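Trainee: Can we go through this one together? I'd like to start with the helix packing.
Mentor: Fine, here it is.

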Amino acid sequence: MAFWRIGHGLSTISEVEKILDKPDKTLEELLEEPDLLQELHAPNTKLIEFLRSPEIMVQMVKCIADMNHTLSAEEEDRGGEAKRNEMEVDSDDDNGDHLTNIKKQIRLLNPDDEQYEREEEEDHYSSDNDEDAQQLQRHAQICSEILSADVWSLTEALMESPELIDELWQILDYPTPLNINYASYFTKISEHLLDKKTDEMLEFIKNQQDFVSRFMKHIDNPPLMDFLLKVISSDKSENPTGIIDFLQQQQLIPSLIAFLGPDVPSSVQSAAGDFLKAFVTISANSNTDTNTIGPNELSRELVSEKCVSELVRLMLHGGTGLATGVGVVIEIIRKNNSDYDFIPVMCTTLESHPPGPRDPIYLGHLVNIFADNIPKFQAMLTKQHSETLETPFGKIQPLGFERFKICELFAELLHCSNMALLNDEAGADMVAARDKERERVKRVIARAKNGMTSDDEDDEDDDNDSKKDDEEVPDAPTTPGKTIETGIEKLDIQKNAEKMDTSNNNHNLVSDQEEDVGDASNLPSEESLRKNPVPGDKLKIALADNKCVPTILNMFFDFPWNNFLHNVVYDIIQQILNGPMKEGYNRFLAIDLFGTGRLTKTICEGHVKCDEYEQQHKSRLGYMGHLTLISEEVVKFTAMFPPESVSNVIAEAVTQQDWTTYVTHTLVKTREQYNAILGGQRPEDVHEPHTNPNAIILPNDDGDMDDEDAEIGSEFGQEPHQQQDQQRGQVHLHDEDDDEDDYEDEEGATTTTGGQFARYMTSEMTGAGHFGSSDEDDDEDDWDTNNNKSNNNDDDSTAKKDTTNSTPDDDDDHPWSV
């Protein structure tokens, strides 16, 4: 591309202008010019007028959508292999020339041989076809750049011709796998039209009856999926476009879930899972992230009973579908935590906050369905495996991606079960009433768009009557005053809990928690919680009945080198021990952890096993770091909740001699090692080193040494915290408790800095002293500062501290630091 439009003849007319001046100009001539795109963005009015003409627009679209200019995937592979073969031949020029000479000699010996003539013709024809395909591909790329250029006239001309867009969209009907060039051209132009002509482009999309099916055909094509995600992102809560309702009608979510089946290739399963996770991310329930569109009808459909049941069914087949499904479920739970709703559902009513399509989604159905299928996942988790893996530690049994994903699923579901909405007895009824009202409003809007008849009006009246009947059922949360009061009480409880957590008085914290738990006999019984459990308790009951937590705890020690698993186990135990002990089924899950899981005994056995392994192999087992963290959680749990107030099982477990010895000796020693300061003992604990009597350490304005003075002292083995030495010519700082910067001479009298400076100069001139600093300018500044300070040595030293350089807290905490 030429930077200046000046040729050898100093002509200012570009080659593009010359072509445009021709009466018989063609598009192919312009596409061969390297300055075409530069002229287009200049902008060149004559060029734009030529390109926006209908016949030229048709030629450019055909050039892009022409299947002949792009090779298929198999042809590309063959072409790549041919090129590699050519490179191998060209790498040895001597051999290549030798083979050529042999062929020529054979050709001369057999001038009438038809076989060699056909081979030459085929080679010539193949090379010509390759050159033509490359040229067409280059032209298609330039045409896509032209149609996606930020030139209003061209964009308007393309949008005014829907038949051209239809022809461009025929790329979606090409067989799979679709060449990446087609996808890039299509995405570039379509995204440009979506940005510049949003309303017109969305209207065009809504007129596509098979929009979803055409895109699902290329689910593993990243550019096309990115464009589909951008189309969804255009429907925001503050500016709805209706595209989400359109995609819901075309069954987008069920189509994506269907790709997780066992008969689908793993690459396609992963691609569908990645798109679902990306969709969940942009549909997150966030009050601060402006890049999200918030909860919507598609995300609500994703967590509906029908879709979750199908997702679980496909996940139970194992393999990539299980791993992908677990990733989708984790993303759903993390991006839709109801505890962070701007307005909690339980603090609303149908009158005060009418339900809408952008309401937060409810995860109760998801938790209930997974709770019903916990036995099946547990069977997959406990399935015997005979595989072995060679490692530097010997032969071990690999955990496997499938079992790890199930453990990760249990941990995330446990997080979800602790949400306040899923542990409220009236939460499910409240959400069901809002869902019913939301569906009724959708039907009314649909009838209004299509035109209502008398029969429709009667049906609507029937819906209203049924709604009134439902509202007449006594339901505590639907009462506005009581609901708001309940919500305020919950907020107050949360605030009080946060205050207790951040309190510095551990004694008050423990006493408050002990009073909160109370007597175990006054807490809800297990039988009462099992009668009609809320979704959160239903999942915990399923985990307890199937012994999921003890199984995962045993896996912690069965796979001592898998730190990913150890982190998941620690997360599960931490959730249980920090969960509520007064309400819900979490208390019985903790009892099961100490009883069936033998938590304290297992920790002690794991430590003993590590000691034995260390004696034999001179290295520790891989779980010891997480084992210490779990032990700390148990100690914290017993400090917050008296074991006897929770259960006698826990009290017996934490009072065993092995556990008491482990906590009072092993854990204390480990804690001291973790809290030890790197670098050794503190300076005051070390014997006084040999010092140089001629070294002088000078203070700065705030009574402490600066960095350079500290370096001076360290060069001669001195420490800044040491007391003054009574030797002549050697000066040290006082201890941290003494803020005065006085210096004592040989007789013990206080001298000024000027006297010290005089002795220093005398020693330097006689060659008796050595000064360790190399920065003379900074030393002079320090002397000048101390000279000024000596004139006011009767003032209070605390008034002269420079708070910008040091603080009293820093000096008291670290008197040895500089």
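Trainee: What do the buried residues of helix 33 pack against?
Mentor: They pack against helix 30 (548-558), helix 31 (563-577), helix 32 (586-594), helix 34 (624-640), helix 36 (648-654) and helix 37 (657-675). Contact here means heavy atoms within 4.5 Å. Helices are DSSP runs (H or I, at least four residues), numbered from the N terminus.

Trainee: And what kind of model is this?
Mentor: This is a predicted model, with residues numbered from 1 along each chain as its sequence is written. Local features need pLDDT of at least 70 and side-chain atom pairs count only at pLDDT 80 or more, while totals for chains, interfaces and linings use all residues; side-chain values use heavy atoms, with hydrogens and water left out.

Trainee: Back to helix 33. Which of its residues are buried?
Mentor: L599, T600, T602, I603, C604, G606, H607, C610 and Y613. Buried means under 20% relative accessible area, exposed over 50%, and partly exposed in between (1.4 Å probe, protein chains only).

Trainee: How far does helix 33 reach?
Mentor: From its first C-alpha to its last, helix 33 (residues 599-617) reaches 26 Å over 19 residues, close to the 27 Å expected at 1.5 Å a residue. The expected span is 1.5 Å times one less than the number of residues.

Trainee: What follows helix 33?
Mentor: K618, with a positive phi near 60°. K618 is not a glycine, and its place is in the loop between helix 33 and helix 34.

Trainee: Is K618 buried or exposed?
Mentor: K618 is exposed, with a relative accessible area of 69%. K547 also has a positive phi, near 55°, and is likewise not a glycine. K547 sits in the loop between helix 29 (535-545) and helix 30, and counts as partly exposed at 43% relative accessibility.

Trainee: Switching to charges. How many salt bridges are there?
Mentor: The count comes to 28, where a salt bridge is a side-chain nitrogen of Lys or Arg within 4 Å of a carboxyl oxygen of Asp or Glu.

Trainee: Where do K18 and E15 lie?
Mentor: Both lie in helix 1 (residues 15-20), three residues apart, about one turn of the helix. K18 is partly exposed at 41% relative accessibility, and E15 is partly exposed with a relative accessible area of 41%.

Trainee: What about E156, which residue does it pair with?
Mentor: E156 forms a salt bridge with K197, the closest N and O atoms being 2.5 Å apart. E156 is in helix 9 (residues 152-159) and K197 in the loop between helix 11 (180-196) and helix 12 (198-206), so the pair ties together parts 41 residues apart in sequence. E156 is buried at 17% relative accessible area, and K197 is buried at 15%.

Trainee: And E437, which partner?
Mentor: R440, with the closest N and O atoms 2.8 Å apart. The two lie in helix 24 (residues 427-450), three residues apart, and both are buried. Elsewhere, salt bridges that share partners join D359, R434, D435 and R438 into one network.

Trainee: Last topic, prolines. Where is the cis bond to P43?
Mentor: The peptide bond from A42 to P43 is cis, with omega near 0°, and P43 is in the loop between helix 3 (36-41) and helix 4 (45-51). A cis bond also joins T176 and P177, with omega about -5°. P177 is in the loop between helix 10 (162-168) and helix 11.
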